[in-house]
Amino acid sequence: MPLTPADVQRALELVKLPASGQSLTASGRLTEIRIDGSKVMFAIAIDPTEARAMEPVRAAAENAVRGLPGVTSVLVGLTAERPVGEARQGAPGPRAQTAAHNAPQGRPVGLPGIHRVIAVASGKGGVGKSTTACNLAIALAAQGLRIGLLDADIFGPSIPKLFGLSAKPEQTPDKKIVPLEAYGVKVMSIGFLVDEETPMIWRGPMVMSALTQLLREVVWGELDVMVVDMPPGTGDAQLTMAQHTPLAGAVIVSTPQDLALIDARRGVGMFQKVNVPLLGIVENMSTFSCPNCGHVSHLFGHGGARREAEKLGVPFLGELPLSLEVRERSDAGKPIVATLPDSQEAGIYRQMAAQVWARLSGEGVDRRQPPRIVIE
Ligand SMILES: Nc1ncnc2c1ncn2[C@@H]1O[C@H](COP(=O)(O)OP(=O)(O)OP(=O)(O)O)[C@@H](O)[C@H]1O
(Lines give C-alpha, C1' and ligand atoms only; values in the text may rest on other atoms or scores of the structure.)
Protein backbone atom coordinates (compact mmCIF):
# COMPACT_ATOMS: atom_id res chain seq x y z
CA MET A 1 0.00 0.00 0.00
CA PRO A 2 1.41 3.41 -0.89
CA LEU A 3 2.17 5.74 1.96
CA THR A 4 -0.47 8.42 2.62
CA PRO A 5 -0.47 11.71 4.57
CA ALA A 6 -2.83 10.01 7.05
CA ASP A 7 -0.11 7.42 7.84
CA VAL A 8 2.30 10.25 8.53
CA GLN A 9 -0.23 12.08 10.70
CA ARG A 10 -0.84 8.90 12.71
CA ALA A 11 2.89 8.55 13.34
CA LEU A 12 3.04 12.18 14.46
CA GLU A 13 0.29 11.67 17.04
CA LEU A 14 2.98 10.15 19.25
CA VAL A 15 5.09 13.32 19.10
CA LYS A 16 4.04 15.74 21.84
CA LEU A 17 4.68 19.47 22.19
CA PRO A 18 6.73 20.14 25.33
CA ALA A 19 4.65 23.04 26.66
CA SER A 20 1.10 21.76 26.17
CA GLY A 21 1.58 18.00 25.86
CA GLN A 22 -0.64 18.22 22.77
CA SER A 23 0.18 15.88 19.88
CA LEU A 24 1.84 17.43 16.86
CA THR A 25 -1.02 16.22 14.67
CA ALA A 26 -3.64 17.95 16.81
CA SER A 27 -1.61 21.13 17.24
CA GLY A 28 -2.51 22.66 13.87
CA ARG A 29 1.18 23.27 13.27
CA LEU A 30 1.73 20.80 10.45
CA THR A 31 2.01 22.23 6.97
CA GLU A 32 1.08 20.17 3.96
CA ILE A 33 2.60 16.69 4.03
CA ARG A 34 4.20 15.93 0.68
CA ILE A 35 4.95 12.37 -0.27
CA ASP A 36 7.06 11.54 -3.27
CA GLY A 37 7.30 7.75 -3.45
CA SER A 38 9.25 6.83 -0.34
CA LYS A 39 10.27 10.41 0.51
CA VAL A 40 8.28 12.49 2.96
CA MET A 41 8.50 16.26 3.42
CA PHE A 42 6.66 18.65 5.68
CA ALA A 43 7.23 21.54 8.02
CA ILE A 44 6.16 22.50 11.53
CA ALA A 45 4.95 26.07 12.00
CA ILE A 46 6.58 27.90 14.86
CA ASP A 47 6.85 31.37 16.22
CA PRO A 48 10.42 32.53 15.47
CA THR A 49 11.13 32.76 19.21
CA GLU A 50 10.42 29.03 19.61
CA ALA A 51 13.10 27.84 17.19
CA ARG A 52 15.40 26.35 19.82
CA ALA A 53 12.65 24.85 21.96
CA MET A 54 11.00 23.21 18.96
CA GLU A 55 14.14 21.65 17.51
CA PRO A 56 13.74 18.46 19.60
CA VAL A 57 10.12 18.21 18.39
CA ARG A 58 11.32 18.51 14.81
CA ALA A 59 13.89 15.78 15.37
CA ALA A 60 11.30 13.54 17.09
CA ALA A 61 8.87 14.07 14.20
CA GLU A 62 11.55 13.09 11.74
CA ASN A 63 12.39 9.91 13.67
CA ALA A 64 8.73 8.98 14.01
CA VAL A 65 8.15 9.24 10.26
CA ARG A 66 11.43 7.56 9.39
CA GLY A 67 10.19 4.55 11.35
CA LEU A 68 7.22 4.06 9.00
CA PRO A 69 7.48 1.10 6.64
CA GLY A 70 8.49 2.12 3.13
CA VAL A 71 9.97 5.51 4.09
CA THR A 72 13.54 6.05 2.88
CA SER A 73 14.03 9.74 3.53
CA VAL A 74 12.33 12.43 5.57
CA LEU A 75 12.74 16.21 5.37
CA VAL A 76 11.16 18.06 8.28
CA GLY A 77 11.74 21.74 8.82
CA LEU A 78 10.65 24.40 11.22
CA THR A 79 8.98 27.29 9.46
CA ALA A 80 8.10 30.70 10.79
CA GLU A 81 6.62 31.62 7.44
CA ARG A 82 3.05 31.21 8.68
CA PRO A 83 1.70 32.14 12.07
CA VAL A 84 1.19 29.18 14.39
CA GLY A 85 -2.34 27.84 14.06
CA GLU A 86 -2.64 28.81 10.40
CA ALA A 87 -0.47 25.97 9.20
CA ARG A 88 -3.26 23.83 7.92
CA GLN A 89 -2.95 21.80 4.79
CA GLY A 90 -2.67 23.68 1.51
CA ALA A 91 -0.78 26.59 0.07
CA PRO A 92 -0.30 29.67 2.19
CA GLY A 93 -2.93 32.32 1.64
CA PRO A 94 -2.19 35.99 1.17
CA ARG A 95 -3.18 36.76 4.76
CA ALA A 96 -0.69 34.29 6.13
CA GLN A 97 2.05 35.70 3.94
CA THR A 98 1.42 39.29 5.00
CA ALA A 99 1.22 38.27 8.62
CA ALA A 100 4.50 36.42 8.31
CA HIS A 101 6.15 39.50 6.86
CA ASN A 102 4.86 41.67 9.66
CA ALA A 103 5.63 39.23 12.44
CA PRO A 104 8.39 40.17 14.83
CA GLN A 105 11.59 38.59 13.73
CA GLY A 106 13.38 36.10 15.92
CA ARG A 107 17.09 35.77 15.42
CA PRO A 108 18.02 32.96 13.04
CA VAL A 109 19.60 30.35 15.21
CA GLY A 110 23.38 30.51 14.65
CA LEU A 111 24.99 27.64 12.80
CA PRO A 112 27.54 25.92 15.04
CA GLY A 113 30.97 25.81 13.42
CA ILE A 114 29.94 27.91 10.43
CA HIS A 115 31.55 31.29 10.87
CA ARG A 116 30.07 33.22 7.97
CA VAL A 117 27.25 32.53 5.55
CA ILE A 118 27.08 34.48 2.29
CA ALA A 119 24.45 34.38 -0.44
CA VAL A 120 25.12 34.46 -4.17
CA ALA A 121 21.95 35.77 -5.75
CA SER A 122 20.56 37.20 -8.96
CA GLY A 123 17.45 39.14 -9.80
CA LYS A 124 16.74 36.84 -12.73
CA GLY A 125 17.56 33.32 -13.83
CA GLY A 126 20.24 32.24 -16.27
CA VAL A 127 22.74 35.03 -15.63
CA GLY A 128 25.45 32.70 -14.31
CA LYS A 129 24.71 32.82 -10.60
CA SER A 130 25.52 29.14 -9.95
CA THR A 131 28.66 29.28 -12.09
CA THR A 132 29.80 32.28 -10.06
CA ALA A 133 28.94 30.62 -6.72
CA CYS A 134 30.85 27.48 -7.72
CA ASN A 135 34.01 29.24 -8.89
CA LEU A 136 33.92 31.76 -6.06
CA ALA A 137 33.72 28.92 -3.51
CA ILE A 138 36.66 27.11 -5.10
CA ALA A 139 38.68 30.35 -5.27
CA LEU A 140 37.98 30.99 -1.57
CA ALA A 141 39.08 27.42 -0.75
CA ALA A 142 42.25 28.01 -2.78
CA GLN A 143 43.10 30.81 -0.32
CA GLY A 144 43.30 28.13 2.38
CA LEU A 145 39.83 28.82 3.79
CA ARG A 146 37.42 26.09 4.87
CA ILE A 147 34.52 26.47 2.48
CA GLY A 148 31.08 24.91 2.10
CA LEU A 149 28.67 25.43 -0.77
CA LEU A 150 24.97 24.96 -0.24
CA ASP A 151 22.81 24.79 -3.34
CA ALA A 152 19.61 26.46 -2.19
CA ASP A 153 18.39 26.79 -5.76
CA ILE A 154 15.91 24.05 -5.11
CA PHE A 155 13.87 24.89 -8.19
CA GLY A 156 16.78 24.08 -10.48
CA PRO A 157 19.76 22.71 -8.56
CA SER A 158 22.75 22.96 -10.89
CA ILE A 159 25.60 22.68 -8.38
CA PRO A 160 25.87 18.85 -8.66
CA LYS A 161 26.52 19.21 -12.39
CA LEU A 162 28.93 22.12 -11.99
CA PHE A 163 31.02 20.09 -9.53
CA GLY A 164 30.64 16.85 -11.49
CA LEU A 165 29.07 15.17 -8.45
CA SER A 166 26.38 12.53 -8.68
CA ALA A 167 26.87 10.23 -5.66
CA LYS A 168 24.24 10.08 -2.94
CA PRO A 169 25.53 11.57 0.31
CA GLU A 170 25.99 9.17 3.22
CA GLN A 171 24.23 9.43 6.55
CA THR A 172 25.84 9.33 9.98
CA PRO A 173 24.44 6.91 12.62
CA ASP A 174 22.46 9.84 14.06
CA LYS A 175 20.95 10.44 10.63
CA LYS A 176 22.83 13.58 9.68
CA ILE A 177 23.85 13.99 6.06
CA VAL A 178 27.54 13.98 5.12
CA PRO A 179 28.26 16.59 2.43
CA LEU A 180 30.13 15.56 -0.70
CA GLU A 181 33.48 17.14 -1.40
CA ALA A 182 35.05 18.34 -4.63
CA TYR A 183 37.84 20.78 -5.48
CA GLY A 184 38.40 21.49 -1.79
CA VAL A 185 34.79 22.52 -1.14
CA LYS A 186 32.15 20.68 0.92
CA VAL A 187 29.03 20.61 -1.23
CA MET A 188 25.40 19.94 -0.45
CA SER A 189 22.47 20.16 -2.85
CA ILE A 190 18.89 19.04 -2.80
CA GLY A 191 19.85 17.65 -6.21
CA PHE A 192 21.82 14.90 -4.40
CA LEU A 193 18.71 13.77 -2.57
CA VAL A 194 16.05 13.80 -5.25
CA ASP A 195 15.76 12.25 -8.66
CA GLU A 196 17.08 14.60 -11.35
CA GLU A 197 14.24 13.66 -13.67
CA THR A 198 11.45 14.34 -11.18
CA PRO A 199 10.08 17.86 -11.49
CA MET A 200 9.71 19.32 -8.03
CA ILE A 201 6.81 21.44 -6.93
CA TRP A 202 7.72 23.42 -3.87
CA ARG A 203 5.32 25.45 -1.80
CA GLY A 204 6.46 28.44 0.25
CA PRO A 205 7.04 26.78 3.65
CA MET A 206 8.69 23.74 2.06
CA VAL A 207 11.35 25.93 0.49
CA MET A 208 12.40 27.32 3.82
CA SER A 209 12.22 24.02 5.62
CA ALA A 210 14.35 22.31 2.99
CA LEU A 211 16.95 25.05 3.29
CA THR A 212 16.86 24.92 7.08
CA GLN A 213 17.48 21.21 6.97
CA LEU A 214 20.30 21.49 4.46
CA LEU A 215 21.94 24.11 6.64
CA ARG A 216 21.44 22.40 9.98
CA GLU A 217 21.15 18.68 9.33
CA VAL A 218 24.38 18.35 7.40
CA VAL A 219 27.68 17.66 9.14
CA TRP A 220 29.53 20.64 7.72
CA GLY A 221 32.22 20.73 10.40
CA GLU A 222 34.11 23.98 10.87
CA LEU A 223 33.71 26.35 7.94
CA ASP A 224 35.17 29.81 7.47
CA VAL A 225 32.57 30.60 4.84
CA MET A 226 29.43 28.88 3.67
CA VAL A 227 28.41 30.05 0.19
CA VAL A 228 24.68 29.71 -0.49
CA ASP A 229 23.59 29.56 -4.13
CA MET A 230 20.16 31.19 -3.84
CA PRO A 231 17.20 30.52 -6.12
CA PRO A 232 17.01 33.23 -8.81
CA GLY A 233 14.62 36.11 -8.33
CA THR A 234 13.37 38.33 -5.55
CA GLY A 235 10.05 36.71 -4.65
CA ASP A 236 8.72 35.51 -1.32
CA ALA A 237 10.91 32.40 -1.17
CA GLN A 238 14.08 34.43 -1.65
CA LEU A 239 13.00 37.09 0.82
CA THR A 240 12.20 34.48 3.45
CA MET A 241 15.60 32.87 2.95
CA ALA A 242 17.41 36.20 3.15
CA GLN A 243 15.48 36.96 6.31
CA HIS A 244 15.86 33.65 8.12
CA THR A 245 19.43 32.73 7.24
CA PRO A 246 22.11 34.37 9.36
CA LEU A 247 23.74 36.03 6.34
CA ALA A 248 27.01 37.93 6.66
CA GLY A 249 26.65 39.33 3.15
CA ALA A 250 25.38 38.87 -0.39
CA VAL A 251 26.93 38.90 -3.87
CA ILE A 252 24.65 39.85 -6.76
CA VAL A 253 25.33 38.46 -10.23
CA SER A 254 24.02 40.26 -13.29
CA THR A 255 24.59 40.40 -17.02
CA PRO A 256 25.08 43.88 -18.49
CA GLN A 257 21.70 44.22 -20.25
CA ASP A 258 19.27 46.85 -18.97
CA LEU A 259 16.62 44.26 -18.19
CA ALA A 260 18.95 42.13 -16.12
CA LEU A 261 20.15 45.24 -14.31
CA ILE A 262 16.62 46.20 -13.33
CA ASP A 263 16.32 42.76 -11.73
CA ALA A 264 19.73 43.06 -10.12
CA ARG A 265 18.61 46.37 -8.58
CA ARG A 266 15.63 44.52 -7.11
CA GLY A 267 18.04 41.94 -5.68
CA VAL A 268 20.12 44.68 -4.09
CA GLY A 269 16.93 46.24 -2.71
CA MET A 270 15.80 42.93 -1.24
CA PHE A 271 19.02 42.44 0.75
CA GLN A 272 19.10 46.07 1.81
CA LYS A 273 15.55 45.72 3.10
CA VAL A 274 16.61 42.90 5.40
CA ASN A 275 19.88 44.67 6.28
CA VAL A 276 22.21 42.10 4.73
CA PRO A 277 25.47 43.82 3.69
CA LEU A 278 26.09 43.84 -0.06
CA LEU A 279 29.55 42.37 -0.69
CA GLY A 280 29.40 43.40 -4.32
CA ILE A 281 27.98 43.06 -7.82
CA VAL A 282 29.53 40.82 -10.48
CA GLU A 283 29.03 41.52 -14.19
CA ASN A 284 28.90 38.17 -15.93
CA MET A 285 29.08 37.52 -19.69
CA SER A 286 30.47 41.02 -19.98
CA THR A 287 32.59 40.94 -23.12
CA PHE A 288 33.13 38.34 -25.80
CA SER A 289 36.59 37.69 -27.06
CA CYS A 290 36.58 35.68 -30.30
CA PRO A 291 38.67 32.54 -29.69
CA ASN A 292 39.88 32.64 -33.32
CA CYS A 293 40.78 36.25 -34.01
CA GLY A 294 40.80 37.71 -30.47
CA HIS A 295 38.36 40.48 -31.47
CA VAL A 296 36.51 41.75 -28.38
CA SER A 297 32.81 42.56 -28.74
CA HIS A 298 30.12 43.53 -26.27
CA LEU A 299 27.23 41.26 -27.14
CA PHE A 300 25.06 42.29 -24.20
CA GLY A 301 26.42 45.77 -23.72
CA HIS A 302 29.21 46.36 -21.27
CA GLY A 303 29.88 48.16 -18.03
CA GLY A 304 26.21 48.40 -17.02
CA ALA A 305 26.69 46.52 -13.77
CA ARG A 306 29.68 48.64 -12.79
CA ARG A 307 27.67 51.83 -13.36
CA GLU A 308 24.71 50.34 -11.51
CA ALA A 309 26.93 49.36 -8.58
CA GLU A 310 28.30 52.91 -8.41
CA LYS A 311 24.79 54.33 -8.54
CA LEU A 312 23.63 52.04 -5.74
CA GLY A 313 26.74 52.56 -3.64
CA VAL A 314 27.56 48.84 -3.76
CA PRO A 315 31.11 47.53 -4.40
CA PHE A 316 31.82 46.29 -7.92
CA LEU A 317 33.61 42.94 -7.79
CA GLY A 318 34.62 42.61 -11.43
CA GLU A 319 33.52 41.42 -14.85
CA LEU A 320 33.66 37.95 -16.31
CA PRO A 321 33.79 37.67 -20.11
CA LEU A 322 31.41 35.48 -22.03
CA SER A 323 33.76 32.57 -22.33
CA LEU A 324 33.47 29.28 -24.16
CA GLU A 325 35.98 27.83 -21.73
CA VAL A 326 33.81 28.77 -18.73
CA ARG A 327 30.70 27.29 -20.33
CA GLU A 328 32.27 24.05 -21.52
CA ARG A 329 34.09 23.40 -18.27
CA SER A 330 31.01 24.26 -16.22
CA ASP A 331 28.86 21.90 -18.25
CA ALA A 332 31.49 19.15 -17.88
CA GLY A 333 31.74 19.49 -14.09
CA LYS A 334 35.28 20.86 -14.30
CA PRO A 335 35.12 24.39 -12.88
CA ILE A 336 37.60 26.72 -14.52
CA VAL A 337 39.19 28.00 -11.30
CA ALA A 338 40.22 24.45 -10.42
CA THR A 339 40.95 23.01 -13.83
CA LEU A 340 42.45 25.97 -15.71
CA PRO A 341 43.87 28.04 -12.86
CA ASP A 342 46.21 30.04 -15.11
CA SER A 343 43.41 31.31 -17.33
CA GLN A 344 42.31 34.95 -17.31
CA GLU A 345 38.86 33.89 -16.09
CA ALA A 346 40.23 31.94 -13.12
CA GLY A 347 42.28 35.00 -12.19
CA ILE A 348 39.16 37.17 -12.23
CA TYR A 349 37.31 34.74 -9.95
CA ARG A 350 40.27 34.69 -7.56
CA GLN A 351 40.30 38.50 -7.42
CA MET A 352 36.59 38.49 -6.65
CA ALA A 353 37.12 35.92 -3.92
CA ALA A 354 39.93 37.99 -2.42
CA GLN A 355 37.66 41.07 -2.29
CA VAL A 356 34.81 39.09 -0.77
CA TRP A 357 37.05 37.63 1.93
CA ALA A 358 38.63 41.04 2.63
CA ARG A 359 35.18 42.50 3.26
CA LEU A 360 34.03 39.53 5.32
CA SER A 361 37.08 39.29 7.50
CA GLY A 362 37.78 43.02 7.72
CA GLU A 363 34.31 44.11 8.69
CA GLY A 364 33.57 41.32 11.16
CA VAL A 365 30.02 41.12 9.94
CA ASP A 366 29.33 37.48 10.71
CA ARG A 367 26.37 36.17 12.68
CA ARG A 368 24.35 39.31 12.76
CA GLN A 369 20.89 39.37 14.13
CA PRO A 370 18.28 39.70 11.43
CA PRO A 371 16.53 43.01 11.13
CA ARG A 372 12.84 43.62 11.04
CA ILE A 373 11.33 43.80 7.60
CA VAL A 374 9.41 46.92 6.77
CA ILE A 375 6.81 46.55 4.04
CA GLU A 376 6.43 49.82 2.16
N1 LIG B 1 30.95 33.80 -18.14
C2 LIG B 1 30.31 32.86 -18.82
N3 LIG B 1 30.62 32.57 -20.09
C4 LIG B 1 29.95 31.62 -20.79
N5 LIG B 1 28.95 30.90 -20.32
C6 LIG B 1 28.59 31.13 -19.04
C7 LIG B 1 29.23 32.10 -18.22
N8 LIG B 1 28.63 32.10 -17.01
C9 LIG B 1 27.67 31.16 -17.05
N10 LIG B 1 27.63 30.58 -18.28
C11 LIG B 1 26.73 29.53 -18.76
O12 LIG B 1 25.41 30.05 -18.71
C13 LIG B 1 24.49 29.02 -18.32
C14 LIG B 1 23.72 29.48 -17.08
O15 LIG B 1 24.63 29.59 -16.01
P16 LIG B 1 24.19 29.28 -14.51
O17 LIG B 1 23.51 27.96 -14.41
O18 LIG B 1 25.38 29.54 -13.66
O19 LIG B 1 23.15 30.44 -14.31
P20 LIG B 1 22.12 30.70 -13.14
O21 LIG B 1 21.95 32.17 -13.08
O22 LIG B 1 22.57 30.01 -11.91
O23 LIG B 1 20.86 30.00 -13.73
P24 LIG B 1 19.54 29.48 -12.99
O25 LIG B 1 18.69 30.68 -12.91
O26 LIG B 1 19.04 28.46 -13.96
O27 LIG B 1 19.93 28.92 -11.67
C28 LIG B 1 25.33 27.77 -18.10
O29 LIG B 1 25.30 26.98 -19.27
C30 LIG B 1 26.73 28.30 -17.87
O31 LIG B 1 27.74 27.39 -18.28
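Biologist: Where is Glu50 found?
Modeller: Glu50 is found in the loop between strand 2 and helix 2, where helices (H or I, at least four residues) and strands (E, at least two residues) are DSSP runs numbered from the N terminus. This is a predicted model, in which local features need pLDDT of at least 70, side-chain atom pairs count only at pLDDT 80 or more, and totals for chains, interfaces and linings use all residues. Residues are numbered from 1 along each chain as its sequence is written.

Biologist: Is Glu50 buried or exposed?
Modeller: Glu50 is buried, because 20 other C-beta atoms lie within 10 Å. The cut-offs are 20 or more other C-beta atoms within 10 Å of a residue's own for buried, 12 or fewer for exposed, and partly exposed in between, with C-beta atoms placed from the backbone.

Biologist: And how far apart are Glu50 and Ala358?
Modeller: Glu50 and Ala358 are 35 Å apart in space, C-alpha to C-alpha, and 308 residues apart in sequence.

Biologist: What does helix 1 pack against?
Modeller: The buried residues of helix 1 pack against strand 2 (39-45) and helix 2 (51-66), a contact being two C-beta atoms, placed from the backbone, that lie within 7 Å. Those buried residues of helix 1 (residues 5-12) are Val8, Ala11 and Leu12. They cover an arc of only 95 degrees around the axis, so they sit on the same side of helix 1; the arc is that of the directions from the helix axis to the C-beta atoms.

Biologist: Changing topic, how many strands form the open sheet, and in what order?
Modeller: Eight strands form the open sheet, in the order 6-7-5-8-4-9-10-13, and the pairing is mixed; two strands pair if DSSP finds at least two bridges between them. Strand 6 (180-182) and strand 13 (316-319) are the edge strands, each pairing on one side only. On average, neighbouring strands of this sheet are turned by 25 degrees against each other, direction ignored.

Biologist: What packs on the sheet?
Modeller: Helix 8 (residues 258-273) packs on the sheet, where it touches strand 4 (117-121), strand 9 and strand 10, and its direction makes about 170 degrees with that of strand 9. Such angles run from 0 to 180 degrees between N-to-C directions, with axes taken as lines fitted to C-alpha atoms, for helices over the stretch in contact. Helix 9 (residues 304-312) lies across strand 9, strand 10 and strand 13, and runs at about 155 degrees to strand 10.

Biologist: In which sense do strand 9 and strand 10 pair?
Modeller: Strand 9 (residues 249-254) and strand 10 (residues 278-283) pair in the parallel sense over five bridges, and Gly280 in strand 10 is the bridge partner of Val251.

Biologist: Why is strand 7 largely enclosed by the rest of the structure?
Modeller: Strand 7 (residues 185-189) is largely enclosed because five of its five residues are buried. Val185, Val187 and Ser189 point one way from strand 7, whereas Lys186 and Met188 point the other way. In general, side chains in a regular strand alternate between the two faces of the sheet.

Biologist: How many residues lie between strand 6 and strand 7 in the hairpin?
Modeller: Two residues lie between them, and Tyr183 in the turn has a positive phi of about 50 degrees. Tyr183 is buried, with 23 other C-beta atoms within 10 Å. Asn275, in the loop between helix 8 and strand 10, also has a positive phi, of about 60 degrees, although it is not a glycine.

Biologist: Now the ligand, how many residues surround it?
Modeller: The ligand is surrounded by 21 residues, and the closest are Gly125, Gly128, Lys129, Ser130 and Thr131; a residue counts as near if its C-beta atom, placed from the backbone, lies within 6 Å. Helix 10 gives the largest share of the shell, four residues.

Biologist: Which residues of helix 10 are buried?
Modeller: The buried residues of helix 10 are Val326, Arg329 and Ser330. Seen down the axis, they fall within an arc of 100 degrees and so line one face of helix 10. The face turned away from this buried side carries the exposed residues Leu324, Glu328 and Asp331.
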